[in-house]
Amino acid sequence: MLKQVMMAAVFAGTLNIFGAGLEVTAADQLTPGKKQINIESAGEANTFKIQGATSVFSKDSMAVDPAKKYRLSGKFRNGSDVKNLRVSFGVNCLDDKKRPIPGGSVDIVKGTETELAADFKADETVLKVKDGSEWKKGKIVVFKADASGKLADLPNTQTEYVLVANIAPNADNQYDVTMSKPLKRSYPAGTVVRQHEMGQWFHFIALNKPLTADWQEFSFEFSGESASGSVPGKWRNGTKFAGIAFYANPGNVKDAVTELKDLKLEEVE
C-alpha cells in the first residue's frame, strides 16, 4: 500500500488554481490510493462521496513559502449508516522536484545517530552498528545521515521502510540490528545511520476525527518549517510544494461512505 501511494503521489493533474491557492471542484481532481475505489459526485455542487477505505490526494499542488501563511480547509460528513466513521485531513508535502516528503523521512528518533561498524550487503538482514544503546524495535533506519547533528540530511530518502525487529549487543562491544526483512541496498562501514519513526505518509493535522450526518468543517493554518518531525501548523522540512490529502473510511468498512466539499489550500494574509 505504501509503495502504491508513493508512486501515485507524484502524478500531476489539473486542479482549479485560484490566485495563490488550490480548490477542488471536480471528482477527477482527486486521486484515491486504491485504484478500485471511485470518487463520485454526491448530487450537490462541488460535493463528492467515497465508498471504501482509502487515502486521497489532489493531483496537483501549489508552491508554498514557509515565510508566508496558508490555510487548509474542507468539510466532511458521514454519508452512510455506518457508526463511528472517521476521517484524517491534511496536506501532501512535496520537495522542490515535487517528490513526496513522507513522515518517515523527517520524523527522527533523537539520540540514535551512529555508524555502521561493518559493510552491509544487499539482501542481508543484520546491520552492525557502533552504538545501538538508544535504538528501539519497530522503527526504521535511514542511511547517509548528517553526522554533525544539524539534520542537514532531512528530508532523508535513504530508507526502505523496513522495521527493526531486534537490537542486541555483540561480542565486539557493538550492536547487531536485525531488520524484519532483507534490505535491497548495500552500504559501506562508516556510513552514518539514524532511526526514524515510520510516520504518516501525508501530514495529517486532523487525525481520526469522528464524523456525523452533519457537515463538519476543518480549518488549519500553516506557517514556517519544522527542523524535524511532523509538527501541526508547520511544513515538513524541505517542503516547497503542497497539495490536499485525507484518509476516508478507515477500517475497511464495506458500506462506509464519506462525503466532502469545499476543499481548499490557499495563501492568507
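In the predicted model, Glu259 and Arg77 form a salt bridge in which the closest N and O atoms lie 2.8 Å apart. Glu259 and Arg77 are both buried. The pair also takes part in a network of salt bridges, in which Glu44, Arg77 and Glu259 are linked.

A further salt bridge brings together the side chains of Lys128 and Asp176, with an N to O distance of 2.9 Å. Lys128 is found in strand S11 (residues 126-129) and Asp176 in strand S14 (residues 175-179); the pair therefore ties together parts that are 48 residues apart in sequence. Lys128 has a relative accessible area of 33% and is partly exposed.

The side chains of Lys139 and Glu197 likewise meet in a salt bridge, at 2.9 Å from N to O. Here the linked parts of the chain are loops: Lys139 lies in the loop between S11 and strand S12 (140-143), and Glu197 in the loop between strand S15 (192-196) and strand S16 (203-210), the two residues being 58 residues apart. Lys139 has a relative accessibility of 18% and therefore counts as buried, the limit being under 20%. Glu197, at 32% relative accessibility, counts as partly exposed.

In total, the model contains 11 salt bridges, among them the pairs Glu259 with Arg77, Lys128 with Asp176 and Lys139 with Glu197.

Note on methods:
Residues are numbered from 1 along each chain as its sequence is written. This is a predicted model: local features need pLDDT of at least 70, side-chain atom pairs count only at pLDDT 80 or more; totals for chains, interfaces and linings use all residues. Side-chain values use heavy atoms; hydrogens and water are left out. A salt bridge is a side-chain nitrogen of Lys or Arg within 4 Å of a carboxyl oxygen of Asp or Glu. Buried means under 20% relative accessible area, exposed over 50%, partly exposed in between (1.4 Å probe, protein chains only). Helices (H or I, at least four residues) and strands (E, at least two) are DSSP runs, numbered from the N terminus.
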